[in-house]
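Please look through this structure with me. My notes follow as numbered points.

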Amino acid sequence: MTQPIANQMHHFTQNNPEGIGQDSVPALLRRVATTIEELGQIEVYDLIMHSEITDDGTNWPSITVYFDYTQTDEPDEDEPEEDAPAVI
């Protein structure tokens with residue numbers, strides 16, 4: 001029997017605000033870096049850059065970041081501790 005996939009990947013997509021500077025890749029990279037830092041301890045798996053052309057012909061890049069939160073030594077609230085009896 002095929003086992004279901006149990007892993008989960010998080011992601012977000014970010015672009016610059018519409019208007020002057022929306023096509024600035026350096027500004028976009030800085031915005032994405034700030035967001036990654038604000039997320040805390042994560043592991044980034046992939047960054048994909050997209051480019052959209054707006055109705056007025058302006059380039060509007062975006063970046064999608066695929067990540068997962070890093071494991072900590074503290075058990076999740078949903079997971080029972082190893083020494084705790086299972087609740088049925």
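1. Start with the inward side of helix 1. L28, V32 and T35 are buried there, where buried means under 20% relative accessible area, exposed over 50% and partly exposed in between, with a 1.4 Å probe and protein chains only. Seen down the axis of helix 1, these buried residues fall within an arc of 60°, so they line one face of the helix. The arc is that of the directions from the helix axis to the C-beta atoms. An α-helix has 3.6 residues a turn, so residues three or four places apart point the same way.

2. A word on the basis. This is a predicted model, in which local features need pLDDT of at least 70 and side-chain atom pairs count only at pLDDT 80 or more, while totals for chains, interfaces and linings use all residues. Residues are numbered from 1 along each chain as its sequence is written, and side-chain values use heavy atoms, with hydrogens and water left out.

3. What do the buried residues of helix 1 pack against? They pack against strand 1 (10-15) and strand 3. On the other side of helix 1, R30, E37 and E38 are exposed.

4. The length of helix 1 checks out. It has 15 residues (25-39), which should span 21 Å at 1.5 Å a residue; the end C-alpha atoms are 21 Å apart, which agrees. The expected span is 1.5 Å times one less than the number of residues.

5. Now the ends of helix 1. S24 caps the N-terminal end: a side-chain oxygen of S24 lies 3.2 Å from the backbone nitrogen of A27. After the helix comes G40, whose phi is positive, near 90°.

6. R31 also sits in helix 1. R31 is partly exposed, with a relative accessible area of 34%. Leaving out residues up to four places away in sequence, R31 touches Q14, N15, N16 and P17; contact means heavy atoms within 4.5 Å. R31 and Q14 are 17 residues apart in sequence, and their C-alpha atoms are 7.9 Å apart.

7. Step back to the whole protein. It has one helix and three strands, in the order β-α-β-β along the sequence. Helices (H or I, at least four residues) and strands (E, at least two) are DSSP runs, numbered from the N terminus. Of the 88 residues, 18% are buried. Among contacts between residues at least 6 apart in sequence, 55% join residues at least 24 apart.

8. The protein exposes about 7600 Å², and carbon and sulfur atoms supply 49% of that area. Accessible areas come from the Shrake-Rupley method with a 1.4 Å probe; for residues, only the protein chains shown count as cover.

9. Look next at Q22, in the loop between strand 1 and helix 1. A polar atom of the Q22 side chain lies 2.8 Å from the backbone nitrogen of G19. Beyond residues up to four places away in sequence, Q22 touches N16, P17, T54, T58, N59, W60 and P61.

10. T64 belongs to strand 3 (residues 59-69). T64 is buried, with a relative accessible area of 4%. Its side chain makes a polar contact of 3.2 Å with that of H50. A polar contact is a pair of N or O atoms within 3.5 Å; within protein, one must be able to donate a hydrogen and the other to accept it, and residues adjacent in sequence count only if both atoms are side-chain atoms. The C-alpha atoms of T64 and M49 are separated by 6.5 Å, with the two residues 15 apart along the chain.

11. Last, the aromatics. Rings of Phe, Tyr and Trp (its six-membered ring) pair if their centres lie within 6.5 Å; planes under 30 degrees apart count as stacked, over 60 as edge-to-face and the rest as tilted. This rule gives two aromatic pairs. The rings of F67 and Y69 have centres 5.4 Å apart and planes at 80°, so this pair is edge-to-face. F67 counts as buried at 4% relative accessibility, whereas Y69 counts as partly exposed at 39%. F12, F67 and Y69 form one aromatic cluster.
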